[in-house]
Amino acid sequence: MVDGRWRAVGGAVLRVLVVWAASTVTLLVLAALLPDFRLQSPSGDSATRIAATAALGAGAFGLLSALVWPVVVRALLLVPAFVLGLLVFFLNGSLLLIALRLVPDQRGAVAPETAVVVAAVMSAVASATSTALAVHDDGAYRRRLYRLAHRRRRGDARGRTGTTAPGTVFLQLDGVGHDVLADALRERPGPAGGPPRPPVMPTLARWCADGRYRLTPWRTDWSSQTGASQLGILHGSNHDVPAFRWYEKETGEVMVCSRPTSVAELQRRAVLRTGRGGLLTADGASRGNLFSGGADQLALVLSVTARRGRENRSRAGYFAYFSDPANATRTAWSYLAEVGREIAQSARARLRREWPRVKRGGLYPFIRAFATVVERDVVVASVIGDLLVGRTAVYADLVGYDEVAHHSGPRGRDAEQVLARLDRSIRLIAQAVGHAPRPYRIVLLSDHGQSFGPTFEDAYGLTLQDLVRAGCGLPVPRRAGRSPSGAEARAAARAALHRPEKANGDQRHRRARATEPLVLGSGNLGLISFPGLPGRVSREEIDRRHPALLRTLAEHPGIGFLLVRSERHGPVVLGAGGAEHRLGAKEPGGGAGAGEPDGAVSGADGPGEPTAEGPGSPDGAVSGADEHGEPTAEGPGSPLAPFGPGAAEAVRRTSGFPHAADIMVNSAYDPATDEVYAFEEQIGSHGGLGGAQSRPFLLWPVELSPPAADGREPAGAEQLHAVLRRWLEEADGPQVPLTSPGEPAERVG
């Protein structure tokens, strides 16, 4: 035991000396190369004296970094975290200026602008040297992981040390579809005649190849986006979340799943409806998510960023990473490199005339770098801190792939590179498990996939709003405004900047004239509301006021189907050629549609005049059922046929939401090309039905029970919540309480 302690002390001293020597050499080299940096008196010094000055300067800089930096970063928590990475350079330069002033006889001197460069290079060299020395040293590696953890968590073990019950880490790879992940786990074809290339994600590929993990898809709800999926996964209910953004007539507000106040309200409604705090209520941590899941430990959680004061602990997660100057410097360099990478990749796409393509200028390179570097590093550091104190359940969202795929495509080389870096982050977390005080199981999942295709405007030369206005007989502007993007990383960046909520143009809808329709886009899902008409406007009322609107929409080649509410038949799906699919579900508070057979179809002599033709009509078909008895939409005449099994049930469920739009519009989907048409500025989109966006993945360790005993795919985020709760209970982990303190126990709504 004593010998081991002395070896550890000796190893630590040796590492300090080696890093000090490397920093000293770096100072000498930079002094020889940079004209505004010297390590000798104006009259000149011997080589020995210059080397001693470099050693003293390097030592003083190292001590200041170790002692002063954590205090400085804690004070700078009030500074926007988005720009803190850039401030790292200037802060390090200031520390170097101070260090050189501590050298006897003022032999060290450097210009302030040069000090920034010298300090950055020294921090990078010290970090690289320290990392290289720790590669084969488990003790040094453990200490490095602890430095990544939040300092206040070091004593927060709460008696967990030594427990044999495994904890669970849920890692959400935002936007990664099942098929994309499956391909990333396979070897890739090599050069002609050469050996195959390794998988894009070798860590996950190895876990699956050795039989430790299984991969299965699950089906999203109609609203295939993070707001709906993560609310259902973490809180057990995503009721009345029809899209990424929607209009609520009773308040005149546009709810947006990337706006902190909207997200906080959605979480409040879910807790009220279920009577439970969420998946993470008992000893849980929520990292980088939209919602808290009921966790007490939060970092970068959007639903709490609208709060002001001490109760908002979400931004404090940045301290976990930036308190280490070497890590802060590395992140700053990586951030700038990612900005440059995006600029180069965007230029390459333009030079190659790639199509489809969306604009990637302005602030986008910085938003992308924030998602793929800063947010990733902070979330990973927070998760590692949770592991090292033995927290029972952790749910973390890594959003980098989703942000890049929106603009570069879900299967582009740019997105593939992000997957490879996510794999390295997962490997780092898995390695930290070996240093945790309890065993852990890592479950990976995604909230949705992404479907490829040109925007609706690029494909057809007009926006959905233009088409709606034309169908209503309203003037169509020559140049439409750019549709706001729904990417979650933008909201996270604004929250990190302490910027006020941005309405993304939605606030202007409050002032919209009551006679004009309000059109919102959520990926390839469009929502049309009539603000001047109370309640859910019926199909018949729409036809009376705008006789050409429904026909104009349904017959457009870029539109797959419409959902409207009929006074006679309840919820009805409309398609081209007069095709209809009557969903046969009685809506809350409505008398029409009760008893209508599921999947009943008819032809029509117009959108407002359905015929009496039955199931044999060439314009329609009755839905069948799959092997489990679930209704399908595979009939050849149904507008839902191209969207596959489960489409009818997903649309039926949304039709019963109180805030479903007067007209819900899903873009067309071509199964042959697997393409959709987004109503936003995205070539990789999600939010509606069609293709990979509705087919995310679940990658789970084999010691857990299967998601479903009968082999079915989980359908909907609420079902997935039940699966994750069961897995927590199997581990003797947090028994999610039926009622959390201060929350009502009754179901509402």
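Predicted model: local features only at pLDDT ≥ 70, side-chain atom pairs only at ≥ 80, totals over all residues.
V676 has a relative accessibility of 1% and therefore counts as buried, a term that means under 20% relative accessible area, against over 50% for exposed and in between for partly exposed (1.4 Å probe, protein chains only). Residues are numbered from 1 along each chain as its sequence is written, and side-chain values use heavy atoms, with hydrogens and water left out.

**The protein as a whole**

- The secondary structure comes to 21 helices and 21 strands, where helices (H or I, at least four residues) and strands (E, at least two) are DSSP runs numbered from the N terminus.
- Of the 749 residues of the protein, 57% count as buried.
- The accessible surface of the protein comes to about 30000 Å², and 57% of that surface belongs to carbon and sulfur atoms; such areas come from the Shrake-Rupley method with a 1.4 Å probe, and for residues only the protein chains shown count as cover.
- Among contacts (heavy atoms within 4.5 Å) between residues at least 6 apart in sequence, 71% join residues at least 24 apart.

- V676 is found in strand β19, which spans residues 675–676, and the C-alpha atoms of V676 and H686, 10 residues apart along the chain, are separated by 9.3 Å.
- Not counting residues up to four places away in sequence, V676 touches S451, F452, G453, P454, N524, S667, A668, Y669, S685, L689, G690 and Q693.
- T220 lies in the loop between β4 (213–217) and α8 (226–235), and with a relative accessible area of 8% T220 is buried.
- When residues up to four places away in sequence are not counted, T220 touches S229, D447, H448, Q693, S694, P696 and G716.

**A459 in helix α15**

- A459 belongs to helix α15 (residues 456–460), and because its relative accessibility is 31%, A459 counts as partly exposed.
- Leaving aside neighbours within four places in sequence, A459 is in contact with P454 and Y677.
- The C-alpha atoms of A459 and G558 are 8.2 Å apart, although the two residues are separated by 99 residues along the chain.

**Packing of helices α13 and α14**

- Helix α13 (residues 400–408) and helix α14 (residues 413–433) pack at an angle of about 175 degrees, with their axes 8 Å apart; axes here are lines fitted to C-alpha atoms, for helices over the stretch in contact, and angles run from 0 to 180 degrees between N-to-C directions.
- α13 and α14 are therefore roughly antiparallel to each other, on a scale where angles under 35 degrees count as roughly parallel, over 145 as roughly antiparallel, 65 to 115 as roughly perpendicular and the rest as oblique.
- On the α13 side the contact is made by G400, Y401, V404 and S408, and on the α14 side by D414, A415, V418, L419 and L422.
- The residues of this contact divide into 6 nonpolar, 2 polar and 1 charged, with Ala, Val, Leu, Ile, Met, Phe, Trp, Tyr, Cys and Pro counted as nonpolar, Asp, Glu, Lys and Arg as charged, and the others, Gly among them, as polar.

**Cover of helix α20**

- Helix α20 (residues 647–655) is mostly covered, since 7 of its 9 residues are buried, namely A647, A648, A650, V651, R652, T654 and S655.
- What covers the buried residues of α20 includes the strands β14 (559–566), β15 (570–574), β16 (580–582) and β17 (663–667).

**Cysteines**

- The structure holds 0 disulfides, a disulfide being a pair of cysteine sulfur atoms within 2.5 Å.
- C208, at 23% relative accessibility, counts as partly exposed, whereas C472, with a relative accessible area of 15%, is buried.

**Backbone details in the loops**

- The peptide bond from W355 to P356 is cis, with omega near 0 degrees, and P356 has its place in the loop between α11 (325–351) and α12 (364–388).
- R353 is found in the loop between α11 and α12 and has a positive phi of about 55 degrees although R353 is not a glycine; at 72% relative accessibility, R353 counts as exposed.
- D240, placed in the loop between α8 and β5 (245–248), has a phi near 65 degrees, a positive value in a residue other than glycine, and at 9% relative accessibility D240 counts as buried.
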